[in-house]
2 protein chains.
Amino acid sequence: MNLPVNGSFDGPGEGRNISDGWVIRVELTPPSLGDNTGDADRLLRALGRRLASDHVRLDLPLLRELPALIRSADYRLRAVVFREPGGWVVAGLTPGAAPGLVAGLALDLGTTRMAARLVDLESGAILAETALDNPQLEIGPDVLARIHHAATEGGLEQLNMLALEGVNYAIRKLCRSAGIAMDSILLAAVAGNTAMTHLFLGLDPRWIIREPYIPAANRPDPIRAGELGLAMHPMGRVFVFPNVGAYFGGDLIAGILYADLDRADRISMLVDVGTNAEVALGGGGWMVACAGAAGPALEGGVTRMGAMAGPGVIDRVAIDPLTRRFSIHTIGDEPARGICGSGLIDLAAQLFRAGMVDIRGRFLPETLGDRLRVMDETRHLIVVPAAESATGEDLTLSQIDMDSLIRSKAAMFTILETLSATVGLTPSDIERFYVAGTFGAFIDPESAISIGMIPDLDRDRFVSLGNSSLGGAVAALLSRDSVDRINAIRDGITYVELNVNQEFMNRFSAARFLPHTDPARFPSVSIPRR
Amino acid sequence: MNLPVNGSFDGPGEGRNISDGWVIRVELTPPSLGDNTGDADRLLRALGRRLASDHVRLDLPLLRELPALIRSADYRLRAVVFREPGGWVVAGLTPGAAPGLVAGLALDLGTTRMAARLVDLESGAILAETALDNPQLEIGPDVLARIHHAATEGGLEQLNMLALEGVNYAIRKLCRSAGIAMDSILLAAVAGNTAMTHLFLGLDPRWIIREPYIPAANRPDPIRAGELGLAMHPMGRVFVFPNVGAYFGGDLIAGILYADLDRADRISMLVDVGTNAEVALGGGGWMVACAGAAGPALEGGVTRMGAMAGPGVIDRVAIDPLTRRFSIHTIGDEPARGICGSGLIDLAAQLFRAGMVDIRGRFLPETLGDRLRVMDETRHLIVVPAAESATGEDLTLSQIDMDSLIRSKAAMFTILETLSATVGLTPSDIERFYVAGTFGAFIDPESAISIGMIPDLDRDRFVSLGNSSLGGAVAALLSRDSVDRINAIRDGITYVELNVNQEFMNRFSAARFLPHTDPARFPSVSIPRR
């Protein structure tokens, strides 16, 4: 089953023009003895009229070019503006009749991967897309290692430089691919978690991880690209999505924007699954959110055979309930070398459906036969035998891995349940369930529901967003009301601290079954009889 | 007679603190688990509360320093803010308990001379003052020569560099004198005519002198000092006074601010005399202004013996009406080497009062005796004989010089009369007459009235402002409502184009007598009988 992909923000596409975008074409009335307003004031007055604002700023470097530009362009200009507190700033100017486009860079600054998209700011068309490993991986795999490194001599500068190198590499690649000059890029929108955006901006992140967990900034003001060292037009503006706090980053705000959660009139939940599960719930004027450790099992991170999605990685598993034969699918149909999160969830769901594990996830030897082996006093399920694997070794899932997966899925469901409870709802009330991230793109909701990880909703309530952080960054580039909307999201959201109290633990214990202690909550899941 | 000096904006002085200045001391509530707002947002929220605004910006370089600063300062900060369209920007931050002051630089960018004052932004105290020749004089003596030079290859850059060199020289001198570091200067306010501010900002001035006379900007936004190359804190803000057009510069706006003309409830006129006479008239919610060529004679510029004020220059002249003996005063009591504008006006007034020139300003040989000599077929009055002069030559005033002075004074009076007439007034309605500039500081109103250059008002209506452009720049540094006030002045003023039409010419012809064709307009001036 492939989930429908939310396309509301993929831009109006080639050929069409965005009427409320950041690009404004103005035709100025040329000066005369009766109207000898200065060049800049003439331009800003015209832009102000279009923006319904008296407050439009123009920086000196652009002002210096203006008198020649305005005359050579015969008073027809294409301006790129951006939103600032209380007003607007001009980020770039070209003659109105200039060939070529003005571009925007959308950037998802992931801890592990960076993804970038180049868009035409006028048409909304996507010009190119790329992704790369975050070069900061050489410092440390996770945010914590990097924050500690940032506290060492020169560490912050090094991490900042690595982030920039990655982004600038992506920009060069995108521009080559789209056939445009780098200084055609006049806006950038950057979404990342709080630590990543700090490292990107060169802000000391040390207070993020120390009580009371304080970011240097929740809402950085738009920055000139030249000041950051980004390989785009130096006067272009860089917008960094605001965070709600140390544990609720701009990437999730971007996701909320992308999912239109702030405009939802139905109860809608957005789940972004990583090492942390970040969850937002809203519908009609209110929004609550939380973040909690769902356990790396869902990313395939803890099992011995766990792997990030890539060639040879198992992403789908089917088990015939009658013959108990395994059908294993790998990415690229290559010999299996590991399993990713969605594959793991499929595997667990299929094992359960075929009656090969019990409701606690314990392997049932009588159904597993040869596939079960005891190593180091632990039961292992052989998923792919050595003869068929890429590694030449058995790919196995241990009982410990399975228990870890069940804790993770229980944590996830408990988080969703707890967040829903804060607004007096239960998970079954959710009318729209957005799953973000690569996880969301690959997961089979049928499987996730079978193991009780996500609520048992009508399947058409599920929407996979793909990279919602990147999607949100694109959305920010295509509408000039986006910044106000983003700020309203940030300010309007109620962040719920997940207290691991008795009630939470009771819910968690109840969720440590397949699919749940209370099967009535998962009516569509048939519990196999032993 | 020495005129009283307007002191309303000389600052509250040593020891007192300005409550509505640009410096704001804040004591922030330290963060806690219950209030984990980011550092920047915490600061900006506190500043916003004090500024009654939600829109305060913080630039990246200051943001990068903030986490360490805010903690080492124990959440007590001294912030310097500045006004921007729609909001405010932070120009500098120090720990609240930091020793030393934060300073502002007031700058009058004259075509010939630059004058600068350093002020304590918190107390308003003047720390140091200096003046120097505008280094652009090496390119050309007047604005026109420089604008032409700016159009040559590298010319604008050269002029911009010369202006900066001059200003930076002044800054170093002021800082040495005040014993402060240059990066303690966090704000600068710069007043100059439209051409000078263009050259200072590196803006192409060529369209200023071509019909329809368009400045690159009427109202440049505040600029980071580092971007301009000023030798102060690079993140400090530089405010350049707005202009109304090519011929009505920020220096006059600064003068209007300094004279409080926008707040006057009595009919008030401000006259700034140079090669151009710049005149503003207001009183109770309206303001009109004009600029016109009054002739360089008033600056002492055209007479052969004319000179800028300086040692050995004649600044006051008295003639005994009975003995017709000349009493000549020079600056520094040194041997005479020339005459400045105020000396020239004194001389003309005294000659007229002693009956040595007629009402057309023609030398009367029967009263001048030996002092009159014909050279090159022109009558010359020997003011200082060769034996007593510093040059070893006679210092003389020719009939041509005298005629030129009379044309200049007539032009001046006609301008005042014409501007008054646009609002249905005559010069005698003026209740407060502010004279700006060095001219205003030295001129004896008695003499100026005697020759009919300025209206015959009660002498206590005259106020000499001194360097009102510099005074206005200081005023801008000491009150944080000044920028809004300045913009309101700029936007509210009605600039009157002086059409040299028949009516103007009639007025001009009538004014070409001493004191006027109609002596009833100058009742206090006794007309000598021949």
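In which helix of chain B does B:Val483 lie? Select B:Val483 and you land in helix α14 of chain B, residues 482–492. Helices here are DSSP runs of H or I with at least four residues, strands are runs of E with at least two, and both are numbered from the N terminus.

Before moving on, a word on what is on screen. This is a predicted model, in which local features need pLDDT of at least 70 and side-chain atom pairs count only at pLDDT 80 or more, while totals for chains, interfaces and linings use all residues. Residues are numbered from 1 along each chain as its sequence is written, and chains are lettered from A and ligands numbered from 1 in the order in which they are written.

**Stop 1: around B:Val483**

Keep B:Val483 selected. B:Val483 counts as buried, with 21 C-beta neighbours inside 10 Å. The scale, with C-beta atoms placed from the backbone, calls a residue buried if 20 or more other C-beta atoms lie within 10 Å of its own, exposed if 12 or fewer, and partly exposed in between. Contact means that the C-beta atoms of two residues, placed from the backbone, lie within 7 Å.

**Stop 2: where the chains meet**

Show both chains. Here 42 residues of chain B are in contact with 42 residues of chain A. Colour α1 (39–51), β2 (56–57) and α2 (60–72) of chain B, since each supplies at least two residues of the side that touches chain A. The most comes from α2(B), with six residues. By class, this side of chain B has 22 nonpolar, 10 polar and 10 charged residues. For these classes, Ala, Val, Leu, Ile, Met, Phe, Trp, Tyr, Cys and Pro are nonpolar, Asp, Glu, Lys and Arg are charged, and the others, Gly among them, are polar.

Next, superpose chain B on chain A: this takes a rotation of 180° with 0.1 Å of shift along its axis, and the RMSD is 0.1 Å. The two copies are thus related as by a two-fold rotation axis. The superposition is by least squares on the C-alpha atoms of residues with pLDDT of at least 70 in both copies. To find the axis, go to B:Gly86, whose C-alpha is 2.2 Å away and comes closest among the residues of chain B. The copies meet through the same surface, because 100% of the interface residues of chain B are also interface residues in chain A.

**Stop 3: a sheet in chain A**

Select β1, β3, β4 and β2 of chain A, which form an open, mixed sheet in that order. Strands pair if DSSP finds at least two bridges between them. At the edges stand β1 (23–27) and β2 (56–57), each with a single partner strand, so one side of each is left without a neighbour in the sheet. Two bridges join β2(A) in parallel to β4(A), residues 87–95. Zoom in on A:Arg57 and you will see A:Val89 of β4(A) opposite.

**Stop 4: two helices in chain B**

Pick α3 (143–150) and α4 (155–178) of chain B. They pack at an angle of about 130°, with their axes 7 Å apart. Axes are lines fitted to C-alpha atoms, for helices over the stretch in contact, and angles run from 0 to 180 degrees between N-to-C directions. The two helices are therefore oblique to each other, as angles under 35 degrees count as roughly parallel, over 145 as roughly antiparallel, 65 to 115 as roughly perpendicular and the rest as oblique. Show B:Arg146, B:His149 and B:Ala150 on α3(B), and B:Gly155, B:Leu156 and B:Leu159 on α4(B), to display the contact.

**Stop 5: backbone details**

Finish with some single residues.

- B:Glu211 to B:Pro212: this peptide bond is cis, with omega near 0°, and B:Pro212 sits in the loop between α5 and β9 of chain B.
- B:Leu514 to B:Pro515: the bond is cis, with omega about -10°, and B:Pro515 lies in the segment after α15 of chain B.
- A:Asp260: phi is near 55°, positive in a residue other than glycine; A:Asp260 is partly exposed, with 18 other C-beta atoms within 10 Å.
- B:Asp333: phi is again near 55°, and with 8 C-beta neighbours inside 10 Å B:Asp333 counts as exposed.
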